[in-house]
Amino acid sequence: MSAIHIVRDYPHPPQKVWRAVTDPELIPLWTATGAGARPEGFAATVGTTFRFIAKPKPGWSGVVVCEVLEVREPSLLRYSWQDEGGGEVTEVAYRLEPHGGGTRFIYDHTGFTGAGGFFMARILGTVRTKMLTKGLPAVLNDLDGRGTLRPETP
């Protein structure tokens, strides 16, 4: 079985990171460095079904269907992940831990099987690494201490 495991440390408190990764208005701002997915119908509430909608690519509609499986604010968000066209159901987990005056963010995407799953994990892993290395830090830096986006300066 293949999986994606990414660990990043951010110099921001867990509540601020939690807001950036769970606020439907903020999520597209950091995922834009990857496939640009935006959540439709997302709420950090167990049982919520939602979709991530990204730009379609050859052989992929750009839509993933998900269900929130577990929430422990501000430390854990776990949800299922399945291509709109079917296929295996995998799981994504965001774990946030206080670390060195900031937050350690642990991203796991598990459940990929077979050769197809191996290649999917490799592709998605590259995209997720970029989002968590470039996209999320930029959004976190644009949030004030209350987790509100700072107004753009001309």
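Author: In helix H1, the buried residues are Pro14, Lys16, Val17, Trp18, Ala20, Val21 and Thr22. Here buried means under 20% relative accessible area, exposed means over 50%, and partly exposed lies in between, with a 1.4 Å probe and protein chains only. H1 spans residues 14-22, and seven of its nine residues are buried, which leaves the helix mostly covered. Helices (H or I, at least four residues) and strands (E, at least two) are DSSP runs, numbered from the N terminus.

The model is predicted: local features need pLDDT of at least 70 and side-chain atom pairs count only at pLDDT 80 or more, while totals for chains, interfaces and linings use all residues. Residues are numbered from 1 along each chain as its sequence is written, and side-chain values use heavy atoms, with hydrogens and water left out.

Next, the strands. E3 (residues 49-53) and E4 (residues 63-72) run antiparallel and are joined by five bridges; two strands pair if DSSP finds at least two bridges between them. Across this pairing, Phe50 stands opposite Cys66 in E4. E4 is also joined to E5 (residues 76-83), again antiparallel, by eight bridges. A hairpin of three residues connects E4 to E5, and Val68 stands opposite Tyr79 in E5. In a regular strand the side chains alternate between the two faces of the sheet.

The structure holds ten aromatic pairs. Rings of Phe, Tyr and Trp (its six-membered ring) pair if their centres lie within 6.5 Å; planes under 30 degrees apart count as stacked, over 60 as edge-to-face and the rest as tilted. One of the pairs is Tyr79 with Tyr94, edge-to-face at 5.7 Å centre to centre and 85 degrees between the planes. Because Tyr79 lies in strand E5 and Tyr94 in strand E6 (residues 90-99), this pair ties together parts that are 15 residues apart in sequence. Tyr79 counts as buried because its relative accessibility is 3%; Tyr94, with a relative accessible area of 5%, is buried too.

Tyr94 also pairs with Phe105: the ring centres are 5.4 Å apart and the planes are at 50 degrees, so the pair is tilted. It links distant parts of the chain, Tyr94 in E6 and Phe105 in strand E7 (residues 102-112), eleven residues apart. Phe105 is buried, as is Tyr94.

Ring pairs link Tyr79, Tyr94 and Phe105 into a cluster with Tyr10, Phe42, Phe50, Phe52, Trp81 and Tyr107.
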